[in-house]
Amino acid sequence: MPLGDLLTAVAAKTPTPGGGAVACAAGALAAALAGMVVSYSVGKKDLAPHKDTLLAAQHELTRARAMFLTLADEDAAAYGLLNELQRLPEADPRRVAEYAGAVRASVNVPLAAVAAAEELARRCSALVPMSNKFLSSDLVVAAILAAAAAESAACNVRINFPLLTEAAERDALAETLSTMLTRTHEFANSVKARLT
């Protein structure tokens with residue numbers, strides 16, 4: 001959907017698209033911006049030794065952009081189903097049959113978005129020594145957006161933790177989430193350090 005339409009849809013009084021879609025949109029923008037940095041780096045004489053790595057990064061960033069858009073759709077679908085099931089009586093056969101799976105999707109989809117954002121921040125960090133220095137600020141913005149996407153998607157993971165019935169599962173997921181966010185910020189900060 002065009003950006004203007006997305007903004008209108010997000011602002012509307014509807015449950016979706018919401019925070020999950022916005023988090024993924026931020027991730028897609030970060031991947032696109034990092035892709036621009038790579039586009040301006042491929043073919044530069046002083047970066048010729050990195051050509052193959054840059055071309056591989058360009059391919060991966062295109063895939064990341066598409067993945068974030070897919071995750072945005074999946075997040076909206078997961079939340080939509082969960083919202084629909086929560087409106088049914090607890091004993092309703094459909095709710096009984098589908099609720100646990102819907103809860104898992106409402107946690108797993110944004111968790112996948114956090115993982116994708118972590119990988120994107122890592123890729124931005126790896127690009128620092130092999131990218132066009134005149135696009136340093138663009139690479140920093142991409143890294144900041146990747147970290148913002150991770151933090152935003154993490155909110156959607158955390159809000160659904162109480163719906164998981166097993167405390168051990170909640171604790172394990174919380175630890176995994178914390179580790180991913182720490183690494184994401186480390187990567188993003190390493191990119192930001194390029195400008196200081």
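User: What makes up the lining of the second largest pocket, by class?

Analyst: Keep in mind that this is a predicted model. By class, that lining has nine nonpolar, seven polar and one charged residues. Glycine counts as polar in this scheme, and Gly19 and Gly20 are among the residues nearest the pocket's centre, along with Asp75, Tyr79 and Asn156.

User: Which elements give two or more residues to the lining of the second largest pocket?

Analyst: Helix 2, helix 3, helix 4 and helix 5 do. Helix 3 provides the largest share, five residues. The volume of this second largest pocket is about 180 Å³.

User: And what is the lining of the largest pocket like, by class?

Analyst: It has 15 nonpolar and two charged residues, and no polar ones. There are 17 lining residues in total, and Met1, Leu6, Ala25, Leu69 and Ala72 lie nearest the centre. Helix 1, helix 2 and helix 3 each supply at least two of the lining residues, and the volume is about 440 Å³.

User: Why is Thr184 called buried?

Analyst: Buried means under 20% relative accessible area. Thr184 sits at 0%, so it counts as buried. You'll find Thr184 in helix 6, which runs over residues 167-192.

User: What does Thr184 contact, leaving aside its neighbours within four places in sequence?

Analyst: Thr184 is in contact with Ala117, Glu118, Ala121, Ala146, Ala147 and Ala150. To count as a contact, heavy atoms have to be within 4.5 Å.

User: What makes a group of residues a nonpolar core?

Analyst: The members have to be buried, come from a set list that includes Val, Leu and Cys, and be joined through side-chain atoms within 4.5 Å. In this model the largest such core has 57 residues, and Val114, Leu120, Cys124, Leu127 and Leu177 touch the most other members. Helix 2, helix 3 (51-86), helix 4 (93-127), helix 5 (136-160) and helix 6 each supply at least two residues of this core. Helix 4 gives the largest share, 14 residues.

User: Which residues does Leu120 touch, not counting those up to four places away in sequence?

Analyst: Leu120 touches Gly27, Ala30, Ala31, Leu61, Phe68 and Ala146. Ala146 also turns up on the contact list of Thr184.

User: What kind of peptide bond joins Thr16 and Pro17?

Analyst: A cis one, with omega at about -5°. Most peptide bonds are trans. As for where to look, Pro17 is in the loop between helix 1 (3-11) and helix 2 (19-39).

User: How many helices and strands does the chain have?

Analyst: There are six helices and zero strands, so reading along the sequence gives the pattern α-α-α-α-α-α.

User: How much of the chain is buried?

Analyst: Buried residues make up 40% of the 196 residues. Thr184, at 0% relative accessibility, counts as buried too. The accessible surface of the chain comes to about 10,300 Å², and 60% of that belongs to carbon and sulfur atoms.

User: What share of contacts join residues at least 24 apart in sequence?

Analyst: If you take contacts between residues at least 6 apart in sequence, 75% join residues at least 24 apart. As for overall dimensions, the C-alpha atoms fill a box of roughly 65 × 40 × 30 Å along the principal axes.

Technical notes:
Residues are numbered from 1 along each chain as its sequence is written. This is a predicted model: local features need pLDDT of at least 70, side-chain atom pairs count only at pLDDT 80 or more; totals for chains, interfaces and linings use all residues. Side-chain values use heavy atoms; hydrogens and water are left out. Helices (H or I, at least four residues) and strands (E, at least two) are DSSP runs, numbered from the N terminus. Buried means under 20% relative accessible area, exposed over 50%, partly exposed in between (1.4 Å probe, protein chains only). On a 1 Å grid over the protein atoms alone, a cavity is a set of points where a 1.4 Å probe fits but cannot get out, and a pocket is an open set with protein on both sides within 12 Å along at least five of seven lines; lining residues have an atom within 4 Å of a point. Grid points are joined across faces, edges and corners, and a volume is the space filled by probe spheres set on the points. Accessible areas come from the Shrake-Rupley method with a 1.4 Å probe; for residues, only the protein chains shown count as cover.
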